[in-house]
Amino acid sequence: MRVGVLTGGGDCPGLNAVIRGIVRKGVQEYGYDFTGFRDGWRGPLDGDVTRLDIPAVRGILPRGGTILGSSRTNPFQRDGGVARIKENLAKQEVDALIVIGGEDTLGVAARLSDEYGVPCVGVPKTIDNDLSATDYTFGFDTAVGIATEAIDRLHTTAESHMRVLVVEVMGRHTGWIALHSGLAGGANVILIPEQRFDVDQVCAWVTSRFGASYAPIVVVAEGAVPKDGAMVLKDGSLDSFGHVRLSGVGEWLAKEIEQRTGKEARTTVLGHVQRGGTPSAFDRWLATRFGLHAIDCVRDGDFGTMVALRGTGIVRVPITEATARLKTVDPALYEEVGVFFG
Ligand code: F6P
């Protein structure tokens, strides 16, 4: 049995831990051989492969990024993409493919598996934690830890100057990182894409914090949109999935706060630092377990399935269950956290 492995979409801490788990168990327990495909779906499209064996995965557990490389290539947007993939898998004598990715990468795996008979097993990843069917994705805990540390540090400088500090965190479509890091870091306002925000309300909260002799921290997810200001934020371009790119909400909000409250405001955009570096212990644990269970799916011939975390157990679900819709922040949960606003 030869198993192909690829990592697609935005990278995240823990990808290497999954690869290591897959290869270690696959080689040691089942005697499988592996082929690594480079740069997500580009690898099987172009037949670009790399050696994947025990020496190749040695020492990679604590390393961020992915030894296989990643891309957002979508074979369904390429002429003859599916045929090329099938041809290259056959050429490499690959019997099964483990696909580690988010919504878009796994969406391709689901279609290839269900419509074209390509035997795929999915492993969910994204720092955004917005994949349905799994309680958590690895990478999220690390990103929340990085954002929380940043918020902790911003409190002290905000207080020294009695300024507003706006922290923009990742999350194009969902506010999981904003919500978790904002709560953990003791932010005074948390703004998420799921709920349009009212700038006057934000300013009222900010003013009330200054009233208590405290410099407010505002955490805003990059995809959060003001009730009346969406046009200001759109730069008009579409990303590779056709989503409208919103840019600069943090910078925009700090200016609005300054104008409306007369208080000085600064913005910190955390950006890709949230995706970089070594994974947290939780993410290494989750990613490793996903890897170990993914290779068992291959052994069982259980294709079109994805491994997922439910409670403390790893289960198998159809890949389509994870990709059909995004897991968004429940309004009740947001409301619960709202007690700290202002
Ligand atoms: O999907 C994960 C994510 O980190 C988003 O939160 C973020 O908007 C996006 O990736 C950034 O992607 P890129 O690295 O392609 O700019």
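A residue is called buried if 20 or more other C-beta atoms lie within 10 Å of its own, exposed if 12 or fewer do, and partly exposed in between, with C-beta atoms placed from the backbone. The model is predicted: local features need pLDDT of at least 70, side-chain atom pairs count only at pLDDT 80 or more, and totals for chains, interfaces and linings use all residues. Residues are numbered from 1 along each chain as its sequence is written.

**View 1. Gly10 in a loop.** Gly10 is partly exposed, because 19 other C-beta atoms lie within 10 Å. The loop that holds Gly10 runs between strand E1 (2-7) and helix H1 (15-30); helices (H or I, at least four residues) and strands (E, at least two) are DSSP runs, numbered from the N terminus. Beyond its neighbours within four places in sequence, Gly10 is in contact (C-beta atoms, placed from the backbone, within 7 Å) with Gly102 and Arg275.

**View 2. The shell around the ligand.** Gly10, Gly102 and Arg275 are among the residues around the ligand, counted when the C-beta atom, placed from the backbone, lies within 6 Å of it. Domain 1 (2-138 + 279-323) and domain 2 (146-275) both give residues to this shell, so the ligand lies between them; the domain bounds come from an automatic or database domain assignment.

**View 3. Gly26 in helix H1.** Gly26 has its place in helix H1. Is Gly26 buried or exposed? Gly26 is buried, because 27 other C-beta atoms lie within 10 Å. Not counting residues up to four places away in sequence, Gly26 touches Val3, Tyr32, Phe34 and Ile295. The C-alpha atoms of Gly26 and Asp296 are separated by 8.4 Å, although these residues are 270 residues apart along the chain.

Conventions:
Two residues are in contact if their C-beta atoms, placed from the backbone, lie within 7 Å.
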